[in-house]
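Q: Can you walk me through this model? I have a few quick questions.

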Amino acid sequence: MTDVRTVSATHPAPGVLSRIFRTEQDGAPGDGHEQVVLCHDRASGLKAIIAIHSTALGPALGGTRFHQYASEEEALEDALRLSRGMSYKNALAGLDLGGGKAVIIGNPAAKAEGGDKSEALLRAYGRFVQSLAGRYITACDVGTYVQDMDVVARECDYVTGRSPEQGGAGDSSILTAFGVFQGMRASAQARWGTPTLRGKRVGVAGVGKVGHYLVGHLVADGATVVITDVSETAVNRVRAAHPDVEVVADSQALLASSLDVYAPCALGGALDDDTVGALTAAGTSVVCGAANNQLAHPGVEKDLADRGILYAPDYLVNSGGVIQVADEIDGFNFERAKNKATKIFDTTLEIFTRAASDGVPPAVAADRLAELRMREISALRTILLPGARRG
Ligand SMILES: NC(=O)c1ccc[n+]([C@@H]2O[C@H](COP(=O)([O-])OP(=O)(O)OC[C@H]3O[C@@H](n4cnc5c(N)ncnc54)[C@H](O)[C@@H]3O)[C@@H](O)[C@H]2O)c1
């Protein structure tokens, strides 16, 4: 292994270092990171950044993104943004885990296919994660798969999202979809006074790993389901399992189809000004889906609330996946993980209640509750464990 250092080896964009060191006094709540590590292994070509945003609640858990970034600075920005998001997600999920994330810079295809991923690179990465002695626990993210985590685990004890053959939890989309369904039931309770989607028209945009499981829950609950996906294979898989599901050409057609609930389950940024306009015109009153980072820009959450559209915060309702991989740390038990994911229902209702009483959109209430938990538990750990090592 070579070169474990605190940020200094590249030339990050101006202001990045000061943002890492920012405290709540001079920035927004949640700004600033505890530790950022640049990892470079010349032999395998590994270039990675591990960002630990917070260990206030426990070791930092978050996946490894393998992506061909345009620059190292862009990779650093992504690692900082994603690790901060994990602190909030893990806090609201009620996990005793902080927030972290790693990025590997490169083409995620296998070396044999012209990419950068190799056993040597993943193992070198595993040694870097191991060097943090459990302050950071990794998992899959975009560009990494359970098989990759099995390789990382050959060098490292702090890996989740491994294959069931290696004692891992396997596909996290099963509990992600289950959690989104719990969030949607809570939204129905808040909007229509009953925790069911029976008789409601629900539109699912993106029926990939998570979306197609969500469709199953909705059909079983008695909802009328409409779907769209750019992949014909994905659409056909749903059609084969649920012949009564309606299919429309694209997201615009879906939004225009008089939905009660819109479930974005494809890419981030699904909720922009045009979408909010379309939801309003169609009379849709709930948005609850699996996609990460649904709000395209700050202010959309307020616009939705002002128009009477109930938005269930994405990182709350899609936390079933992280609940699943977190359970793997103690030896995976599906029923125990599912029970924890069931609590997304109660937390979603609590967020709506707090949003109403504080007069803020649910997205703001969710951030506040996550920050409150991080502050309170952090203070508790300081009081109960004076001088103890955190994380
Ligand atoms: N898999 C998990 O456990 C998990 C956990 C938390 C959050 N998420 C988020 O949920 C979302 C879906 O994840 P996934 O694992 O199901 O991914 P996936 O790639 O399996 O599915 C995404 C689907 O969206 C479709 N799609 C892409 N662009 C589209 C468009 N413009 N219109 C309609 N469909 C489009 C794709 O063809 C694909 O079928 C992502 O935003 C992901 O970050 C996933």
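**Ligand shell, sheet and domains**

A: By class, the shell around the ligand has ten nonpolar, 13 polar and two charged residues. Here Ala, Val, Leu, Ile, Met, Phe, Trp, Tyr, Cys and Pro count as nonpolar, Asp, Glu, Lys and Arg as charged, and the others, Gly among them, as polar. This is a predicted model: local features need pLDDT of at least 70, side-chain atom pairs count only at pLDDT 80 or more, and totals for chains, interfaces and linings use all residues. Residues are numbered from 1 along each chain as its sequence is written.

Q: Which residues are the closest to the ligand?
A: Gly206, Gly208, Lys209, Ala266 and Gly321 are the closest of the 25 residues that surround the ligand. A residue counts as near if its C-beta atom, placed from the backbone, lies within 6 Å of the molecule.

Q: Which helix gives the most to that shell?
A: Helix 6, with three residues. Helix 5 (173-192) and helix 6 (209-221) each supply at least two residues. Helices (H or I, at least four residues) and strands (E, at least two) are DSSP runs, numbered from the N terminus.

Q: Now the sheet. What is the order of the six strands?
A: The order is 10-9-8-11-12-13, in an open sheet with parallel pairing. Strands pair if DSSP finds at least two bridges between them.

Q: Which strands stand at the edges?
A: Strand 10 (246-247) and strand 13 (310-311). Each has a single partner strand, so one side of each is left without a neighbour in the sheet.

Q: How many bridges join strand 8 and strand 11?
A: Four, in the parallel sense, between residues 201-205 and residues 261-264. Glycine 203 has tyrosine 262 of strand 11 as its bridge partner.

Q: And how many between strand 8 and strand 9?
A: Five, again parallel. Arginine 201 has threonine 224 of strand 9 as its bridge partner. With helix 6, the two strands make a right-handed β-α-β unit. Right-handed means that, with the strands pointing away from the viewer, the path from the first strand over the helix to the second runs clockwise.

Q: Where does the chain go from strand 9?
A: Through helix 7 (residues 232-241) to strand 10, in a right-handed β-α-β crossover. Strand 9 and strand 10 pair in the parallel sense over two bridges. Isoleucine 227 stands opposite valine 247 in strand 10.

Q: Is strand 9 largely enclosed or exposed?
A: Four of the five residues of strand 9 (residues 224-228) are buried, so strand 9 is largely enclosed by the rest of the structure. Buried means 20 or more other C-beta atoms within 10 Å of a residue's own; exposed means 12 or fewer, and partly exposed is in between, with C-beta atoms placed from the backbone.

Q: Switching topic: what does the domain assignment give?
A: Domain 1 (4-166) and domain 2 (173-360). Such bounds come from an automatic or database domain assignment. The C-alpha centres of the two domains lie 27 Å apart.

Q: How many residues are in contact there?
A: 14 residues of domain 1 are in contact with eleven of domain 2. Contact means C-beta atoms, placed from the backbone, within 7 Å. Helix 2 (residues 72-92) gives the most to the domain 1 side, with five residues.

Q: Last one: how do strand 2 and strand 3 run?
A: Antiparallel, joined by seven bridges. They form a hairpin with four residues between them, and glycine 45 in the turn has a positive phi of about 85°.

Key. Two residues are in contact if their C-beta atoms, placed from the backbone, lie within 7 Å.
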